[in-house]
Each structure stands twice: as structure tokens, then as C-alpha cells.
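Open your viewer and get the selection tool ready. Here is a short tour, one stop at a time.

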Amino acid sequence: MAFAMSVSAQELSEPTPTDMAEIPGFKLYPNPAFDDVIYITTAKNAQKEISVYDVFGKVVLRDRIYTTSLDIKNLDPGVYVLQVVENNNSITRKLVVK
């Protein structure tokens, strides 16, 4: 009997500034969400483009908000990925809806 073993590795690179272009002062609450509204605040609280994805990567909610509140009453309980874009900066977070 003969056995062959192969080992490979990738060097981890430091994040680049474009990887870190997150939104200053970003806060998402409550998370997990129990009600029909979540709040998204940032340092500038400017207009935000919101996309919510299910676990299969399908967009289940897309909205543009001018305040800090996002209506999620049409989302079923589960785990989602929330993407927020404000002033060409983007951030992605997990959102749990109970």
C-alpha cells in the first residue's frame, strides 16, 4: 500500500484600505429583531441604500431610507445578510429576525 500526502498553504494578506471602507459610526439595533422595525444609525445619518439577502443569496428586501428606521415586517423569522451603502461606503452585517 502506498499513501500520498499533499500540503498546501496560502499566505494571509493584510486587508487593503478598500476592504476596510466601512461606514463610520455604524450601529444596527435591535439585533436580533423582535419587532417590525430595526434602526440603522451612522455618524452622518445620510441616505442609505439597504439590501437584505436570505441564506440562499436572494434579495428579499431592498429599500432606500432617509431616516434611521427600516421596516422589516415582511421578513420571516430567520437569519439574513444586511448590506448598507451610504456615501459610497458599504458595510455588511448579519441580521437575525425572531
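Select glutamine 83 to begin: its bridge partner is threonine 92, in strand 7. This is a predicted model, where local features need pLDDT of at least 70 and side-chain atom pairs count only at pLDDT 80 or more, while totals for chains, interfaces and linings use all residues. Residues are numbered from 1 along each chain as its sequence is written, and side-chain values use heavy atoms, with hydrogens and water left out.

Now colour strand 6, residues 78-86, together with strand 7; the two pair in the antiparallel sense over 9 bridges. Strands here are DSSP runs of E, at least two residues long, numbered from the N terminus, and two of them pair if DSSP finds at least two bridges between them.

Next, widen the view to the open sheet, whose 4 strands run in the order 4-3-6-7 with antiparallel pairing. Strand 4 (59-65) and strand 7 (89-97) each have a single partner strand, so one side of each is left without a neighbour in the sheet.

Stay on strand 4 and pick aspartate 63, which is found there. Beyond its neighbours within four places in sequence, aspartate 63 is in contact with Lys48, Glu49, Ile50 and Leu70 (contact means heavy atoms within 4.5 Å). Draw a C-alpha to C-alpha line to lysine 48: it spans 8.3 Å, with 15 residues separating the pair in sequence.
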